[in-house]
Number of protein chains: 2
Amino acid sequence: MPQPYDRVFNFSAGPGTLPVEVLEQCREEMLNCQGSGMSVMEMSHRSSEFEAIIGAAESDLRDLLAIPSTYKVLFLQGGASLQFSMVPMNLLPEGGFAQYVVTGAWGKKAVESGQIEGDARVIFDGKTSNYKSVPDLGSLAVEPAAAYVHVTTNETIQGVEFASDPSVAPPLVCDMSSDILSRPVTVSNYGLIYAGAQKNMGPAGLTVVIVREDLLERTPKSMPPMLDYRLQAKNGSMYNTPPCWSVYVSGLVYKHVKKLGGVAAMAQKSAEKSGVLYDAVDGSGGFYNGHAEKSARSRMNVTFTLQDDSLTGDFLKGAEEAKLSGLHGHRSVGGFRASIYNAFPLEGCKVLAGYMADFAKRHG
Amino acid sequence: MPQPYDRVFNFSAGPGTLPVEVLEQCREEMLNCQGSGMSVMEMSHRSSEFEAIIGAAESDLRDLLAIPSTYKVLFLQGGASLQFSMVPMNLLPEGGFAQYVVTGAWGKKAVESGQIEGDARVIFDGKTSNYKSVPDLGSLAVEPAAAYVHVTTNETIQGVEFASDPSVAPPLVCDMSSDILSRPVTVSNYGLIYAGAQKNMGPAGLTVVIVREDLLERTPKSMPPMLDYRLQAKNGSMYNTPPCWSVYVSGLVYKHVKKLGGVAAMAQKSAEKSGVLYDAVDGSGGFYNGHAEKSARSRMNVTFTLQDDSLTGDFLKGAEEAKLSGLHGHRSVGGFRASIYNAFPLEGCKVLAGYMADFAKRHG
């Protein structure tokens, strides 16, 4: 059945699918946004119109994640990759150390950037088991004196995810780029949460940082201004021109998620969507194999391979023809990756599951 | 006469007006871009579709500015403000020094960030004359041993601009955020040019860097990866997810400017537009006064005040009613600022000039 606007089912790992309703509103407001006589892209970021837009975005995000008033919300640029450096530059004092839990490719990049800035220590590395699991943080040698402990709640490449909020004694810093807004979180478990927008929130080019106020005191005096959390907080994310369009679209997504029932509804939907695909893998009698251990399976990125790897190309070719786009796995894992972020429709998972069953029947 | 889509004449200093044709194309392609079955915001940045988009943007920008093949073009994030730090972090070696020409508020910020990173020296500061002029670089104490000399070709707050490409012996680093693409430039005069997109190119969130390849060798070994020009160049601006939407829109603007006749046509249009406004100032018999010295007048930001400052509020109120938006001057200069970047229509300048004459008649 053709999709509206002849759209495909977009399983891309990010940037990923956005809600059709949000795109329709973007289209509607493109030449004249809410009576301002201009596009959001043309508005002064100091105008009352844009201040209302960024204010609503923050307020809606606070509602969605129940962010305590003791946390600042920053709208920054540079993606998670810049946070890999900004976190230690701001939070890791001279002579201190940080601990990193590495459950996949992104955690590995995070600690590598941390080591450029200071004493960043790995206390778990899932590499030996090819990143198929996540540890119980209670079982790790977390040191109370650590400046922070860093985790990645969802790893997009390997498709492993913490099933619930981790918890440790030192401030917990979390890369939540790929599963933010997909379930309720207890923000007070974390010292700092960061997330690139382009998976569950909006367009690439926006990075959200949620940081406990007292941690802002750690920022050293002499910092590149744009990388200074404290300065960004003091300026309400407008030390310079913010990525206005990405803030606007993300704000529309926040309103959309609220309308759908908030993050609790997203959690239910994510469980259902990923369940359809994992059932297709598990019910294939070994024709398909999941990459992650069942206890660590990601609800965002379903990674699986074929028993007979030689069929991988055929699978992907047929999928593209069926308008199932972006399913190729990362080269480090192989096989397939179905990324099914918040805005990805359940129907797309059902269509893929049907295609998987049909493909297995034809080649099994 | 009402504008299409009931749009205003948007004199905002940035983000600024975009071409209506570009916005119409954005609207048209919002739900399904060029048959991809998705929005640009939803595309994997590794997809062939997006690679074509970013490749065309680079190629069109190279055409427009006649960028030699010995220069790299980078599409980064963080605005000019992040470049204020990245330039010295990459180009100013331990033990070296850089020289800064400060002709306004942005140059001042640039040198302040430079001083955080190393020995950044001011060789001209227009502050004593309230930033009304630009110097002849030949008259300054430029030292051949300087790691680089930094200039800001156009200052948006004071409205002063270099009338032609400056030239010095050391590598010239230029913040061209507010006048890039408004006239032909000799790129080989510069070691590095940077520009935030949100004035003459596209939406906020994209920063273009044009850098001579040999300068990339200066980048120190141990750098935050996202701030490392050499690494960004090596990865074709895709070390991580680039600001895809802003690249796309800027790419459409590049094509639009090419269609209109390129930067030579933009130079002619800018001279005509700014001429209409400066004539309105100069012909007012002292009712209006230009801020900048005539030799340094910006073609992008026309700054002027009223002889009788008490009328400023009335002027702005009437202007807003006439759909002339964003004319208030920066508090450090006062009065008015008409920012008339590439996409701002000549007609808007004529309407403003008419309003100015009428206002002078009523209050003169």
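# Briefing on a predicted two-chain model

P15(A) is placed in the loop between β1 (9–10) and α1 (20–28) of chain A; helices (H or I, at least four residues) and strands (E, at least two) are DSSP runs, numbered from the N terminus. The structure is a predicted model, in which local features need pLDDT of at least 70 and side-chain atom pairs count only at pLDDT 80 or more, while totals for chains, interfaces and linings use all residues. Residues are numbered from 1 along each chain as its sequence is written, chains are lettered from A and ligands numbered from 1 in the order in which they are written, and side-chain values use heavy atoms, with hydrogens and water left out.

- Most residues other than glycine have a negative phi, and most peptide bonds are trans.
- The peptide bond joining G14(A) and P15(A) is cis, with omega about -5 degrees.
- In the other chain, a cis peptide bond runs from G14(B) to P15(B), with omega near -5 degrees; P15(B) is in the loop between β1 (9–10) and α1 of chain B.
- A66(A) is not a glycine, yet its phi is positive, at about 50 degrees. This residue A66(A) belongs to the loop between α2 (48–65) and β2 (71–76) of chain A.
- A66(A) is exposed, with a relative accessible area of 57%; buried means under 20% relative accessible area, exposed over 50%, and partly exposed in between (1.4 Å probe, protein chains only).
- N130(B), also a residue other than glycine, has a positive phi near 55 degrees. N130(B) sits in the loop between β4 (119–125) and β5 (149–152) of chain B and is partly exposed, with a relative accessible area of 37%.

## Relation of the two chains

## The interface

- Chain B has 58 residues in contact with 58 residues of chain A, where contact means heavy atoms within 4.5 Å.
- Of the interface residues of chain B, 100% are also interface residues in chain A, so the copies meet through the same surface.
- The size of an interface is often given as the accessible area lost when the parts come together.
- About 4,400 Å² is buried between chain B and chain A, and carbon and sulfur atoms give 62% of this area. Buried area is the accessible area (1.4 Å probe) that two parts lose on being put together, summed over both.
- L31(B), M41(B) and E42(B) supply 17% of the area that chain B buries against chain A, more than any other three residues.
- The rule finds two salt bridges across the interface of chain B and chain A; a salt bridge is a side-chain nitrogen of Lys or Arg within 4 Å of a carboxyl oxygen of Asp or Glu.
- E42(B) is joined to R7(A) by a salt bridge, with the closest N and O atoms 2.7 Å apart.
- On the side of chain B that touches chain A, the elements giving two or more residues are α1 (20–28), α3 (79–91), α4 (105–117) and α6 (244–259) of chain B.
- By class, that side of chain B has 28 nonpolar, 23 polar and seven charged residues. Ala, Val, Leu, Ile, Met, Phe, Trp, Tyr, Cys and Pro count as nonpolar, Asp, Glu, Lys and Arg as charged, and the others, Gly among them, as polar.

- S250(B) lies in helix α6 of chain B and is buried, with a relative accessible area of 0%. Not counting residues up to four places away in sequence, S250(B) touches A197(B), M201(B), G202(B), P203(B) and L206(B).
- E155(A) lies in strand β6 (residues 154–155) of chain A and is buried, with a relative accessible area of 0%. Leaving aside neighbours within four places in sequence, the contacts of E155(A) include W106(A), V160(A) and N301(A).
- S325(A), in strand β13 (residues 324–325) of chain A, is buried, with a relative accessible area of 12%. Beyond neighbours within four places in sequence, the residues in contact with S325(A) include F9(A), E320(A) and M38(B).
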